[in-house]
Amino acid sequence: MEKNDVSGHTPMMQQYLGFKRQHPGLLVFYRMGDFYELFFEDAIRAARLLDITQTHRGQSAGQPIPMAGVPFHALEQYLARLVKLGESVVIVEQVGDPATSKGPVERAISRIVTPGTLTDASLLDERADSLLMALHVERSRAGVAWLNLASGELKLTEVAANVLPSLLDRLRPAELLVADSATSPPGDWTVTTRSAWQFDIAEATRLLCEHFGSRDLAAFDVADTPIALAACGALISYAQATQQRALSHVATLAVEHDSAWLRMDAATRRNLELTETLRGEASPTLLSLLDTCATSMGSRWLRRCLHHPLRERSRAEARHQAVDALRAGSASDTLHGALRGLADIERISARVALRTARPRDLSSLRDSLNRLPDVARALPVDAGLLEHSRALLSQPLASAALLARAVMDEPAALLRDGRVMRTGFDAELDELRGLQDNCGEFLLALEARERERTGIANLKVEYNRVHGFYIEVTNANTARIPDDYRRRQTLKNAERYITPELKAFEDRALSAAERATSREKHLYEQLLDALAPELPQLGDVARALAETDGLLAFARAAQRHDYCRPQFVDEPEITIERGRHPVVECQVDAFIPNDTRMHDARRMLLITGPNMGGKSTYMRQVALIALMAHCGCPVPAQSARLGPLDAIHTRIGASDDLASGRSTFMVEMTEAAGILHGATERSLVLMDEIGRGTSTFDGVALAQSIARHLLTRNRSWTLFATHYFELTQLAATHAACANMHLDAVEHGNRIVFLHAIEDGPASQSYGIEVAALAGVPGTVIRDARRALQRLEASRIDAGPQTDLFAPPPPPPEVPTHAAVDALAALDPDSLSPKEALDTLYALKKLLHD
């Protein structure tokens with residue numbers, strides 16, 4: 001049978017295959033009763049991914065049908081597992097009534113779950129954003145648009161194509177959309193291809209105008225970003241298709257400019273361990289240190305903040321002013337208590353807009369909105385940036401009053417379970433519930449009357465879901481039943497009956513339950529409609545809470561770790577007194593603070609010293625202090641003065657990139673080239689042991705040339721750590737270069753690292769001593785010491801570098817001497833012991849003559 005020919009399949013399989021044809025690459029979860037079923041290739045694939053049982057049931061088109069399924073109540077946990085594996089899922093629900101359907105029950109796609117379009121709390125990391133991104137590249141320019149569906153934030157930008165890896169690493173999209181004719185960008189991204197026509201500028205403009213209800217896009221200032229606009233059109237189209245509805249909470253479009261942030265490439269973010277360690281772990285990092293946020297909204301704000309240090313220093317100053325106010329007195333503890341336990345208003349609002357909010361979402365939203373005045377009162381006065389938040393959080397919200405009237409204090413988890421809308425909210429619903437609530441009283445009264453009428457003392461009136469209401473009489477008493485009893489079910493020891501009165505009540509009660517469920521669902525939909533106009537205000541509230549919580553985390557860190565407020569100055573300088581590495585100081589018993597003094601006439605610190613002496617830690621702490629200052633966070637130092645900065649670049653450590661076929665040295669040189677091309681006189685550059693991956697002389701030459709280029713061409717603020725002592729001569733020829741070192745002392749057979757930065761070059765590197773500390777066998781250490789002595793004695797550093805492919809050099813001429821001539825003429829095998837001793841004395845005499 002042809003692949004697209006479904007005529008031989010059963011009607012239900014034809015329906016399923018119709019959905020599958022619409023989404024061929026996605027797993028289709030097809031609702032059947034209490035299960036979501038998967039068929040054919042989807043069943044085999046899902047069984048492997050989810051470790052669920054795969055069976056064969058029935059036949060269609062003459063072949064057994066591979067099947068696998070999951071219970072409907074456990075859907076979310078299986079979706080979470082699939083999304084983590086990068087899979088996308090189509091959810092097909094029953095929308096028709098099985099009782100009235102002549103063929104297959106009518107079904108429709110309710111939603112499409114993909115890694116970048118998640119909004120359900122159970123599928124999302126509550127402390128990290130999940131972004132859907134679209135990418136469109138034309139020639140040397142890349143247009144990028146991204147959407148945080150869980151908050152409604154939509155942004156776009158255009159960058160040079162070579163900057164794209166850095167942007168991707170900064171935003172970390174959960175899903176990346178590209179045209180099917182385009183090449184996917186390098187990296188471990190979950191890529192979804194879309195038809196190339198969806199990245200059309202005219203189509204994007206039409207779609208976005210329709211979405212925002214505007215004649216054109218002039219208000220969004222996107223005229224200069226046509227490539228990004230094309231990507232944005234594909235993005236919105238895909239998001240609407242997955243949600244099966246308009247995205248009403250996506251109310252604006254912002255153009256992001258790269259100049260708004262301090263530039264940092266992927267290597268810098270990795271080396272500074274902002275949100276992930278070099279081993280890929282969540283701690284210890286700068287984020288794990290600072291994140292004491294009381295809300296998940298604050299944690300997400302904090303993560304974004306660390307990856308987006310502000311270049312506009314007035315905005316950073318405003319944050320510092322607010323943090324100072326929060327540090328005063330007991331304001332931080334009071335505010336933290338007021339924030340603790342607030343729901344994720346940002347994401348709940350998105351679910352309201354997408355009509356996927358559950359009853360307990362709404363009750364949590366109501367309770368949180370009712371606590372906003374407490375948060376406003378806890379905010380310190382004259383807190384600058386937070387004054388707007390205070391005013392916003394102090395206002396009464398119509399949505400809070402509506403939710404208080406409409407939703408029960410503790411509603412059911414799911415709408416279908418009932419008991420969601422508050423008693424008194426709707427008279428019709430109250431009446432229907434009354435029929436249900438009075439059911440027990442009626443049955444007890446009926447049971448008493450029937451016992452009296454029949455004289456059967458053990459007669460029972462009961463209910464179950466299968467047979468409804470019934471009167472149960474044991475077999476010993478069946479002869480005493482009245483004529484109006486009609487048999488409903490026969491059991492081994494009893495008979496079950498129904499009477500006209502009980503049947504009439506059953507019809508009323510069961511229809512009341514169905515009508516109550518239907519009425520409650522209608523009221524719930526109306527409630528979501530009524531909340532829709534309030535979503536922009538709820539979004540403002542969520543952003544105010546997130547920023548307040550994030551700034552509070554800065555204040556609490558400053559109190560806990562004795563941080564200071566940095567000072568931004570217009571003069572070119574980086575001056576830090578008693579600076580510390582914020583993360584390392586919390587991992588050791590005693591941290592040695594160090595000063596940093598750089599100004600226009602002192603732009604490079606050439607740092608030497610032993611391995612493990614603290615060179616890398618010292619350099620990283622300078623970069624982290626600069627970054628924290630531009631985020632609005634107090635810094636770990638006694639004082640800090642920072643001139644204008646535009647970027648932070650690092651070249652620290654390297655490893656093979658086997659997937660791209662690049663060696664360690666190639667990775668190192670690629671990173672160095674990026675810095676040399678991109679760094680300016682306002683950039684902070686960290687270079688750690690450049691040139692290690694090649695021969696000694698090549699490494700020295702490259703390191704020296706790179707350092708000289710940074711000094712004379714880039715004129716960047718540069719911390720340059722090296723073990724090549726030849727580079728220390730740069731300070732003699734370049735006034736802007738200063739030698740610094742971290743020293744160590746030998747104590748007995750041990751080495752003690754002082755971790756204190758001092759002027760001047762280091763005396764030695766202590767490499768062999770560090771190897772001994774690492775547990776290298778003593779025999780190797782002793783042999784290394786002897787080899788070092790020989791190398792130093794031969795002054796290998798002054799000789800020419802060996803060419804592996806050159807012919808061997810001629811043997812050196814040996815100077816003539818009488819003792820040498822006599823030794824050469826000896827035949828040791830012909831000498832007796834006495835003759836050998838006499839000859840030795842004679843040779844010694846010749847040496848002294």
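Reader: How many bridges join strand 2 to strand 4?
Author: Five, and the two strands run antiparallel. Keep in mind that this is a predicted model. Strand 4 covers residues 63–71.

Reader: Which residue stands opposite Met67 there?
Author: That's Phe39, facing Met67 of strand 4.

Reader: And what does strand 1 do with strand 2?
Author: Strand 1, residues 27–32, runs antiparallel to strand 2, and three bridges join them.

Reader: What do strand 1 and strand 2 form, and what's in the turn?
Author: They form a hairpin, with two residues between the strands. Gly33 sits in that turn and has a positive phi of about 65°.

Reader: Is strand 2 mostly buried or exposed?
Author: Four of its five residues, in the stretch 35–39, are buried, so strand 2 is largely enclosed by the rest of the structure.

Reader: OK, switching to helices. At what angle do helix 5 and helix 6 pack?
Author: About 55°, with the axes 8 Å apart. That makes helix 5 oblique to helix 6, because roughly parallel would need an angle under 35 degrees and roughly perpendicular starts at 65. The crossing of these two helices is left-handed.

Reader: Which residues make the contact?
Author: From helix 5 you have Ile201, Ala204, Thr205, Leu207, Leu208 and His211. Helix 6 brings Pro226, Leu229, Ala230, Cys232, Gly233, Ile236, Ser237 and Gln240.

Reader: How does the contact of helix 5 with helix 6 split by class?
Author: Nine residues are nonpolar and five are polar, with no charged ones.

Reader: What about helix 22 and helix 23, are they parallel or oblique?
Author: Their angle is about 15° and their axes are 11 Å apart. Helix 22 and helix 23 are therefore roughly parallel to each other. Their crossing is left-handed.

Reader: Which residues meet there?
Author: Helix 22 puts Phe665, Met669, Ala672, Ile675 and Leu676 against Leu702, Ile706, His709, Leu710 and Asn714 of helix 23. By class, that contact has eight nonpolar and two polar residues, and no charged ones.

Reader: How do strand 18 and strand 19 pair?
Author: In the antiparallel sense, over five bridges. Ile576 stands opposite Thr596 of strand 19.

Reader: What's the backbone doing at Arg578?
Author: Arg578 isn't a glycine, yet its phi is positive, about 50°. You'll find Arg578 in strand 18. Its relative accessible area is 43%, so Arg578 counts as partly exposed.

Reader: And what's the phi of His755?
Author: Near 60°, again a positive value in a residue other than glycine. His755 belongs to strand 26, residues 750–759. At 31% relative accessibility, His755 is partly exposed.

Reader: Last one: what's up with the peptide bond from Ser283 to Pro284, and where does Pro284 lie?
Author: That bond is cis, with omega near 0°. Pro284 lies in the loop between helix 7 (266–272) and helix 8 (286–290).

Terms used: Residues are numbered from 1 along each chain as its sequence is written. This is a predicted model: local features need pLDDT of at least 70, side-chain atom pairs count only at pLDDT 80 or more; totals for chains, interfaces and linings use all residues. Side-chain values use heavy atoms; hydrogens and water are left out. Two strands pair if DSSP finds at least two bridges between them. Axes are lines fitted to C-alpha atoms, for helices over the stretch in contact, and angles run from 0 to 180 degrees between N-to-C directions. Angles under 35 degrees count as roughly parallel, over 145 as roughly antiparallel, 65 to 115 as roughly perpendicular and the rest as oblique. A crossing is left-handed if the near helix is turned anticlockwise from the far one by less than a right angle, and right-handed if clockwise. Contact means heavy atoms within 4.5 Å. Ala, Val, Leu, Ile, Met, Phe, Trp, Tyr, Cys and Pro count as nonpolar, Asp, Glu, Lys and Arg as charged, and the others, Gly among them, as polar. Buried means under 20% relative accessible area, exposed over 50%, partly exposed in between (1.4 Å probe, protein chains only).
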